[in-house]
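Here's a walk through one protein model, from strand pairing to helix packing. Have the structure open while you read.

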Amino acid sequence: MMTPHWQQQLLKCEMIRASRSPHHRARASAMAARTVQKAAIPITNPNAIKPPETNGIAKDGDSSFTSSPSAKSQAASDLSPITASALANHPSATVPPVAELPRPIAPKPGNTWQSLDMGGVGIKNIPPTSGLFAFTFLTNLYLNHNALSAVPPQIAKLRHLELLDLSGNGLMSIPPELGMLTSLKELYLFDNHLQTLPPELGTLHQLQTLGIEGNPLEPSLKQIVQKDGTPALISYLRDSCPIPAPPPDRAWKHFVGQAEREAMANDPTAETFTVLCYNILCERCATERLYGYTPSWALQWDYRKELILTEVLQHNADFLCLQEVDNAQYEEYFSKQLAEHGYEGAHWPKSRYKMMSENERRMVDGSAIFYKASKYSLVEKHLIEFSTVAMQRPDFKKTDDMFNRVLGKDHIAVVCLLENKETGTRLIVANTHLHWDPAFSDVKLVQTALLIEEVEKIAQNFARYPPRLPPTPSSATSSATNPSIGETNGSARPPPMYTDAYKIPIVVCGDLNSNPTSGVYEFLSTGSLPPDHEDFLSHTYGKYTTEGLRHRLGLKSAYAGIGELSMTNYTPTFKGTLDYIWYTTANLAVNSVLGEVDQGYLDKVVGFPNAHFPSDHLCLVSEFRVRPPREAQPARPPPVFPESSSRAHN
């Protein structure tokens, strides 16, 4: 019995075979458009027959997608009324869904034409240097019924292609680089000489039709299409594709010379620490619907968690700021595993967990901060719930935009107040994960402003705490393991004095879901933002949109010295910087940062996660040196002149 999948395959094959005349599609489109006056006539695909669904939808069992392709699960309270049904969306706003819906992806190049018909004109060869590959704006390319014996790998440059017709040529093979064309929905290979298909085609997670009829194809591959259709074959190729070679280690970018680094290493008074920031992609969010290009085995949490732990531990950082850590994995995996390596931690889930059952709470993600317990003592830990803080502001209470856009979001920040056990140096580390949706840039600004205001308040209180007592002969030789505020400092030098909040070193980490041109970045880096900034989207937020935003922390991105990473989030439809480590420049300086992923490797992978990168985000690491607070100079006494001396006046 012939399946509907194969019936559709044969129908399209017959349509393609009827399109062998020169420029058949272009002429058909021109005739259809003769009654319409247009400056440029687009070529449409007359053979397109769209199936009811695309890869991954049925498996996930949730086809309600009203917002971004990259959204991970959000509770109903986390969404505006318009997007209330999108309960499985991804907060990074970067991973494409397989359904055709509005999504925040990199814009396509604007052109008056996007289709090119070179079918049926006897082309025998396309050289790798062909100007065809400069037309990166193309969405439809017809090379059918020519005399091609090969297709150059450079075709992978046409990343926006949604339809590619190579039918009726003499192809013995197709380049594996076709797997980089992740926007493809129709790939017609009818009537060639193909005996097999490269497994790299498994990344074509949006492909609806792979036309294979008329080829002496390996029976096992053909049977998959005949029985279960194109999505099943793509899944098979994806999961059976050999693991590519891993990339070279990411190189460190140093901001101080080798001699200075050696001097710091030999200076007993020099104080340095390392901070790691990483959105680990929680278990609940790593679904085939959102990451259809990733092998299913590489999406499994049991595989990814080991890679995440290895990545985190290999950098031996003093502080680990992790986002998308759910309750279950924090308690059952990360706390236990990291404790074996000397870390203690603080974690809070997003606020929605309060309204859930015990079992549901386990899967709610949040933010965690881990620190080396042998080096630092935890003085306090704080939870900042942005919606709660917003409700407490008198200038927000009567704002409709606040109720409709901000208060429904349950994002949080975790703040830890720490002291270096040896030197008494205080440190504040904050970690957050802001709202994902690009259509809510105003919400991200409000959340960022609330975070910085709360950190400043926390720092002011921290500065009032009494310093540790100066060392005594007995305490200097003792082995006190966990001194607290006011206890004796074990260092041979007196502990630093903090006269106000701005003397305390502060580090703010997180997935801010904001690029370096955003209002969030401008506010953090400059300390101010005008009340009419475009990212407020003309919404009203009390003093924020009447007086603007201001802070006095003097923050700078740790990666600003290299112009930021080219990307911290890497998927087929989005490659950009969303994650940051911010620090106070008055009392901290950057020694080095972990650099980029090898470009040669990136050119061969469509996106993360994959076999080598367990999250769609990159891990950020920065080493800092502490600048001790300047001691106030004693007032200079007035000069005293001897009574017997005399001065000459001119």
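Two strands count as paired if DSSP finds at least two bridges between them. Helices (H or I, at least four residues) and strands (E, at least two) are DSSP runs, numbered from the N terminus. With that in hand, take Gly510, which stands opposite Tyr580 in β20.

Before going on, some housekeeping. This is a predicted model, where local features need pLDDT of at least 70 and side-chain atom pairs count only at pLDDT 80 or more, while totals for chains, interfaces and linings use all residues. Residues are numbered from 1 along each chain as its sequence is written, and side-chain values use heavy atoms, with hydrogens and water left out.

**Around β20**

Strand β14 (residues 506–511) pairs with β20 in the antiparallel sense over 5 bridges. Strand β17 (residues 555–557) is also antiparallel to β20, over 3 bridges, and there Ser557 stands opposite Trp582.

Is β20 mostly covered or mostly open? Mostly covered: in β20 (residues 579–584), 6 of 6 residues are buried, where buried means under 20% relative accessible area, exposed over 50%, and partly exposed in between (1.4 Å probe, protein chains only). Asp579, Ile581 and Tyr583 are buried on one side of β20, and Tyr580, Trp582 and Thr584 are buried on the other.

**The open sheet**

Elsewhere, 7 strands make an open sheet with mixed pairing, in the order β6-β21-β22-β7-β8-β10-β9. β6 (252–254) and β9 (343–349) sit at the edges with a single partner strand each, so one side of each has no neighbour in the sheet. On average, neighbouring strands of this sheet are turned by 25 degrees against each other, direction ignored.

Axes are lines fitted to C-alpha atoms, for helices over the stretch in contact, and angles run from 0 to 180 degrees between N-to-C directions.

Two packed helices are described by the angle between their axes and the distance between the axes.

| Pair | Angle | Axis distance |
|---|---|---|
| α4 (residues 219–228) and α5 (residues 230–240) | about 140 degrees | 7 Å apart |
| α1 (residues 4–17) and α4 | roughly 105 degrees | within 5 Å |

Angles under 35 degrees count as roughly parallel, over 145 as roughly antiparallel, 65 to 115 as roughly perpendicular and the rest as oblique. So α4 is oblique to α5, and α1 is roughly perpendicular to α4.

The α1 contact is made by His5, Trp6 and Gln9 of α1 with Lys222, Val225, Gln226, Lys227 and Asp228 of α4. By class, that contact has 2 nonpolar, 3 polar and 3 charged residues.

**Whole chain**

The chain has 16 helices and 22 strands, and 54% of its 650 residues count as buried.

Definitions and conventions: Contact means heavy atoms within 4.5 Å. Ala, Val, Leu, Ile, Met, Phe, Trp, Tyr, Cys and Pro count as nonpolar, Asp, Glu, Lys and Arg as charged, and the others, Gly among them, as polar.
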